[in-house]
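Please open the structure in your viewer and keep the selection panel at hand. The stops below go from one selection to the next, with a short account of what is found at each.

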Amino acid sequence: MTDIIHFNQVGYRYPGGKDVLSDVTFSLGRGEMAFVTGSSGAGKTTLLRLVGLLCKPTRGQVMVDDVNLASLKNGDIAPFRQRIGMVFQNFNLLYDRTVFDNVALPLVIRGFAYSDVQRRVRAALDAVGLLNREKSSPLTLSGGEQQRVGIARAIVSKPALILADEPTGNLDPEMSKEVMKLFERFNQVGVSVLIATHALHLIVHMPHRIIHLDGGKITARRPRTPVLSDLPPFPGEDSRGR
Amino acid sequence: MAAEESLQVQPLPLMQRLTQEHTRVFFFSLGKLGRNPVGTLLTALVIGVALALPAGMHVLTQNLSKISYSWQDSLQLSLFLKDSVSTERGAALAREIRGRPGVQATRYISREQSLAEFRSQSGFGDALDVLQDNPLPAVIAVTPERGRNKLQVEVLLGELTRLPEVDLAKLDQKWLERLYAILGIIDRAVFIVGLLLGIAVVVTVGNTIRLDIEARREEISVMKLIGAPDSFIRRPFLYTGFWYGLAGSVFALVLVLAGTLALSGPSETLASLYDSSFTLSGLSFGSSLLLLLTGIVLGWIGAWITVWRHLADIQPQ
């Protein structure tokens, strides 16, 4: 399995500030799903921001989809981001547009024909169970539904990689499980998924790799396990799996 | 599966994509302005007034030029003949001069006619009785052909001056030259006012777009997050500038037209008092087109400068 993300001794320091990430080395294979965990301030979001080119590493090398991100010029950043689906804790939807328009945006940006846009947006909304809400305003949706709109927008252009930063942070437990299942479904059709979350209780029983960050360093890793009963214990997991 | 479908469905070819995108933004930006009609109208009105001022001044100078041109047509050369030239020779000379190229008409005024005219018009009739001789020379009034420019008239004047019967030849156009100088100043003033108000239009549009950018900061940030290039984000704002410029210049056209209509009656009344058939002209088709184009270009420039300055400040978080 080739890697879609490869971090090699990556560090990031805020200008004039402290190190947020130090010597982070890890890879995400193509078609793999993995979680980045850690407490607030551990560096999870920064790690995802580095992958999405929302900031640049102060040390080390980040490769995404065979592209060395340091080699990208300013004009290459937007086309690069079009290749990634991003999902956010606060949904980042456009509230003056309909659900359909929000999901269609990545395709409109890339210049797809309207007929293709309609077909693919409806397919994406169908995949997240919101086909009947395409004409609604996101303001009329629940938090879980808004997050599903965000996920539909992330998958509509069929990216090879989805990044999700605390996608369940604003959702209730039931909706959080639903959202995680959605990510697993997309992963099952070959999409690589990297999710930053501090909701350990949601993921410890999932058979995916976990990379644990503490103070900007990787302090623990749990390998992917195909059988749930083989899951080893993980730092932070209590006796109830929470 | 994803790879299979991505092979089937690809973005449109560049030209088709640009056509589709520009059509979309064309109507999207228009619709966005239409959803805020009061704000849009006020901005367009400000732009309209700013454009109408230089356009109105341009109309004024055009009309003054038209008047002065008709005055130039009535220019006459006055040839003062030597006292030794007889009345018969003077009249014959007037006929000879009328046959010259560049001359439309001549009129011979004998010494006696000159004196009679002066006596009746000057109010110094009694004073003339004191004089033993008629001090006034005979004059041939020469009207150059219509459309002759100043240089051609001056060449004609030089030729006529050299005639042996002519004592003095005079082209009294100082007052016209002064008028032209005044028109020149007004023309320059129109240019300066136009330049300043053009800057005002750019600033007005720029400021309106800046507020729009601020209001849509989050939207822009989200668009950057999902991979929208600057050209995609910039486009609606540039079209907004285009619409503001177009609406403003249409307002300006209406204002100038209204002003012309309001002044045409009084100006014709004034002209009739001077036995003139002068009518006030508005903006020509070409000038109207230029005004529309100027408004659009200024609106676009204002939008471009603002978007260029502020878009880079917004980075996705």
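Begin by colouring chain B by confidence: this is a predicted model, and the mean pLDDT of chain B is 87, with 94% of its residues reaching 70 or more. Within chain B, confidence is lowest in helix α1 (residues 2-8), where the mean is 43, and highest in α11(B), where the mean is 95. Selecting residues 1-7 of chain B shows a stretch with pLDDT below 50, which has five contacts in the model beyond near neighbours in sequence. For the model as a whole, the scores are ipTM 0.85 and pTM 0.75.

Next, colour chain B by domain. The domain assignment gives domain 1 of chain B as residues 19-70 + 178-313, and domain 2 of chain B as residues 76-172. The centres of these two domains of chain B, taken over C-alpha atoms, are 53 Å apart.

Stay with chain B and select helix α11 (residues 285-311), where I301(B) is found. Now show the side chains of L293(B), V297(B), W300(B), I301(B), W304(B), I305(B) and W308(B), which form a nonpolar patch on the surface and together have about 690 Å² of accessible area. Is I301(B) buried or partly exposed? I301(B) counts as partly exposed, because its relative accessibility is 32%.

The last stop in chain B is a pair of charged side chains, R235(B) and E21(B), which form a salt bridge whose closest N and O atoms are 3.4 Å apart. This pair links distant parts of the chain, since R235(B) lies in helix α10 (residues 230-273) of chain B and E21(B) lies in helix α2 (residues 14-34) of chain B, 214 residues apart. Both R235(B) and E21(B) are buried.

Select D65(A), in the loop between β4 (59-64) and β5 (67-68) of chain A. Although D65(A) is not a glycine, it has a positive phi of about 50 degrees. The side chain of D65(A) also meets that of R30(A) in a salt bridge (2.8 Å, N to O). R30(A) is in the loop between β2 (19-29) and β3 (33-37) of chain A, 35 residues apart from D65(A), and the pair links distant parts of the chain. With a relative accessibility of 28%, R30(A) counts as partly exposed.

Another residue with a positive phi, about 70 degrees, is F91(A), which is not a glycine either. Look for F91(A) in the loop between β6 (84-88) and α3 (99-110) of chain A, where F91(A) counts as buried because its relative accessibility is 9%.

Finish with E166(A) and K44(A), whose side chains meet in a salt bridge (3.6 Å, N to O). E166(A) is in the loop between β7 (161-165) and α6 (173-188) of chain A, while K44(A) is in helix α1 (residues 44-51) of chain A, 122 residues apart. E166(A) counts as buried at 7% relative accessibility, and K44(A) is buried with a relative accessible area of 6%.

Note on methods
Residues are numbered from 1 along each chain as its sequence is written. Chains are lettered from A and ligands numbered from 1 in the order in which they are written. This is a predicted model: local features need pLDDT of at least 70, side-chain atom pairs count only at pLDDT 80 or more; totals for chains, interfaces and linings use all residues. Side-chain values use heavy atoms; hydrogens and water are left out. Domain bounds come from an automatic or database domain assignment. Patches are made of residues with over 30% relative accessible area and no salt bridge: like charges are joined within 9 Å, nonpolar side chains (Val, Leu, Ile, Met, Phe, Trp, Tyr) within 5 Å. Accessible areas come from the Shrake-Rupley method with a 1.4 Å probe; for residues, only the protein chains shown count as cover. A salt bridge is a side-chain nitrogen of Lys or Arg within 4 Å of a carboxyl oxygen of Asp or Glu. Helices (H or I, at least four residues) and strands (E, at least two) are DSSP runs, numbered from the N terminus. Buried means under 20% relative accessible area, exposed over 50%, partly exposed in between (1.4 Å probe, protein chains only). pLDDT is the predictor's confidence in each residue, from 0 to 100. Contact means heavy atoms within 4.5 Å.
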